Structure formats: structure tokens, C-alpha cells
Amino acid sequence: MKKITIPNTTKSSTKEKGFKKVFKLFNYNNLDQYPWGKTDGYQKIRFKIAHDNNNIYLHYNIIEPEIIARYSKHNDPVCKDSCVEFFIAFEEDTNYYNFEFNCIGTCCLKWGPDRHNRQSIDSQIINLIKVKTKIKRVHKKELTTFNWKIFIKIPLKTFYYSNIKSLENIKARANFYKCGDDLSKPHYITWNNIKSENPDFHLKSYFGYAKFN
């Protein structure tokens with residue numbers, strides 16, 4: 001089971017300011033697990049995560065051969081687009097949040113104990129999340145890929161069903177994902193590996209361990 005320590009920007013000796021600049025302080029983590037097999041298309045997915053006690057900062061850097069962005073309304077099924085996801089359960093809570101973002105920043109956010117019993121978070125709450133995206137077409141030799149980046153700032157108020165006053169020293173279970181259900185070559189990539197016959201990101205028993213500094 002993987003473990004991740006989430007750094008606290010308020011404890012950093014370098015006081016970077018600005019939404020995107022904060023990510024310069026920290027190293028990338030790789031999404032490199034393919035529980036249900038690799039596609040023959042090239043993908044490279046990395047992410048960074050940090051916090052400042054009141055917000056989670058999450059950044060994904062993705063290279064893939066195809067992108068789709070069909071959904072523009074919050075809580076649409078963005079997992080069918082080119083999509084990155086972040087699932088988290090705080091402390092010993094049996095419920096967890098699933099944050100899903102397509103490559104243009106549309107968010108699906110729900111809460112509950114499993115895949116089938118989930119409560120959608122109101123779009124007004126989702127609008128508190130700050131998101132910036134960047135998409136670039138890349139030609140290298142005979143290969144054409146898309147490099148898209150997403151920068152996300154998730155405030156504590158987004159965790160609507162949790163009574164969290166500060167993220168400092170909080171323990172959690174979490175996993176990070178990349179998918180694209182409606183791509184010509186669907187893929188399901190994870191940070192912590194999952195063992196199940198069919199693709200399923202909602203298996204909490206396979207969430208890794210996270211510690212907020």
C-alpha cells in the first residue's frame with residue numbers, strides 16, 4: 001500500500017505566491033499502475049499535491065495521444081472525457097469524496113460510502129474550487145500527443161459533509177487516477193494499485209495512506 005506525505009506550504013522556507021507558483025516548490029508523483037492492462041497508446045501522468053491548512057493544491061501533468069472534452073456542466077459524467085480524479089476519506093470516516101476533472105476543468109464531485117450510494121455536491125459548492133487548465137499539441141518525430149495540465153485549489157468548504165477546521169496533521173486514505181471511458185482506447189491508470197476483475201476506482205480498501213504535514 002503506497003503512502004504519501006502532503007507538504008504544508010506554510011512551513012516552506014520559500015514563500016511562493018500565486019495559485020500556480022505554489023507547485024514549483026514540490027516534486028511530482030507518478031501514476032504508473034495499470035490494474036486492467038495498458039493500452040498501446042502512450043500515456044505519461046504525473047501529479048503534485050500540497051496544502052496550506054485551508055486548501056488542497058492539486059496539479060496533474062498529462063501526456064496522451066487523444067483528448068476528449070464533451071462535458072461542461074458540473075456533475076456531468078466527466079470520467080468519459082479525458083479525466084483525472086482524486087478520491088479521499090479523512091481519518092476513519094467510512095465515506096469518501098471523489099473529485100473528477102476533465103481537461104477543460106469541469107468537475108464532478110460526490111460523497112458517500114461506496115460506488116452506488118453517493119450524494120452529489122451542489123454546483124455552488126463546486127464553484128468554490130479554483131481550476132486552471134492548459135492544453136498543448138505536441139509533435140515529436142512520427143508521434144502526435146497532447147500535453148494538458150490542470151491546476152486545482154480545493155478549499156475546506158468543498159468538503160461539505162466533513163467538520164474539518166484545518167488540514168494540518170490530518171490523516172486520510174486517498175487514491176489518484178487517470179481515465180477516459182469514451183476515448184477510442186479507454187484506459188484506467190492509478191497511483192495505488194487496485195486488484196479487481198473489472199475497472200473500479202471506488203474500492204476504498206485500495207486507497208493509499210496520506211498524511212497532511
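Which residue lies over the face of Y209? I looked this up to open the notebook. R173 does, at 4.4 Å from the ring centre. I keep in mind that this is a predicted model.

**Entry: charges over rings**

I noted R173 over Y209 above. I then went to Y96. R118 lies over the face of that ring, at 4.0 Å from the ring centre.

**Entry: aromatic pairs**

How many aromatic pairs does a search of the whole structure find? I read off 22. I picked two of them to look at by hand.

My notes rest on two values. A pair of aromatic rings is described by the distance of the centres and the angle of the planes.

I took F23 and F151 to begin with. Their ring centres are 5.7 Å apart and their planes stand at 50°. Planes under 30 degrees apart count as stacked and over 60 as edge-to-face, with the rest tilted. So I wrote down F23 and F151 as a tilted pair.

Where do F23 and F151 sit in the chain? F23 is in the loop between strand 1 (3–6) and strand 2 (29–31). F151 is in strand 10, residues 143–155. The pair links distant parts of the chain, 128 residues apart. I also checked burial: F23 is buried, and F151 is buried as well.

Next I took Y177 and F201. I found the ring centres 3.9 Å apart and the planes at 5°, so this pair is stacked. Y177 belongs to strand 11 (residues 171–179). F201 is in the loop between strand 12 (188–190) and strand 13 (208–212). These two are 24 residues apart, and they too link distant parts of the chain.

Are Y177 and F201 buried or exposed? Buried means under 20% relative accessible area. Y177 has 0%, so I put it down as buried. F201 has 7%, so F201 is buried as well.

I also listed one aromatic cluster. Its members are F47, Y60, F86, F90, Y97, F99, F159, F176, W191 and F212.

**Entry: the largest pocket**

Rolling a probe the size of a water molecule over the atoms shows where empty space is left.

How much space lies in the largest pocket? I noted about 380 Å³. There are 18 residues in its lining, and the closest to the pocket centre are C79, E85, E100, R115 and H202. By class, I wrote down eight nonpolar, two polar and eight charged residues for the pocket lining.

**Entry: the cavity**

I found one cavity of 30 Å³ or more in the structure. About 30 Å³ of space lies in the largest cavity. Which residues line it? My list reads K134, K136, N147, W148 and K149. Strand 9 (130–140) and strand 10 each give two or more residues to this lining. Strand 10 gives the most, with three residues. By class, the cavity lining divides into one nonpolar, one polar and three charged.

**Entry: N147**

I followed N147 from the cavity lining. N147 sits in strand 10. Its relative accessible area is 12%, so N147 is buried. I set aside its neighbours within four places in sequence and looked for contacts. N147 then touches N61, I62, I63, K134, I135, K136 and V138. I also checked N147 against H116. They are 31 residues apart along the chain, and their C-alpha atoms are separated by 33 Å.

**Entry: Q43**

Where does Q43 lie? I found it in the loop between strand 2 and strand 3 (44–51). With a relative accessible area of 11%, Q43 is buried. Beyond its neighbours within four places in sequence, Q43 is in contact with Y34, I63, E64, P65, H187 and I189.

**Entry: N55**

My last stop was N55, in strand 4 (residues 55–64). N55 counts as buried, at 13% relative accessibility. I left aside its neighbours within four places in sequence again. The contacts of N55 are then A50, K153, I154, P155 and L167.

Key. Residues are numbered from 1 along each chain as its sequence is written. This is a predicted model: local features need pLDDT of at least 70, side-chain atom pairs count only at pLDDT 80 or more; totals for chains, interfaces and linings use all residues. Side-chain values use heavy atoms; hydrogens and water are left out. Rings of Phe, Tyr and Trp (its six-membered ring) pair if their centres lie within 6.5 Å; planes under 30 degrees apart count as stacked, over 60 as edge-to-face and the rest as tilted. Helices (H or I, at least four residues) and strands (E, at least two) are DSSP runs, numbered from the N terminus. Buried means under 20% relative accessible area, exposed over 50%, partly exposed in between (1.4 Å probe, protein chains only). A charge sits over a ring if NZ of Lys or CZ of Arg is within 6 Å of the ring centre and within 35 degrees of the ring normal. On a 1 Å grid over the protein atoms alone, a cavity is a set of points where a 1.4 Å probe fits but cannot get out, and a pocket is an open set with protein on both sides within 12 Å along at least five of seven lines; lining residues have an atom within 4 Å of a point. Grid points are joined across faces, edges and corners, and a volume is the space filled by probe spheres set on the points. Ala, Val, Leu, Ile, Met, Phe, Trp, Tyr, Cys and Pro count as nonpolar, Asp, Glu, Lys and Arg as charged, and the others, Gly among them, as polar. Contact means heavy atoms within 4.5 Å.
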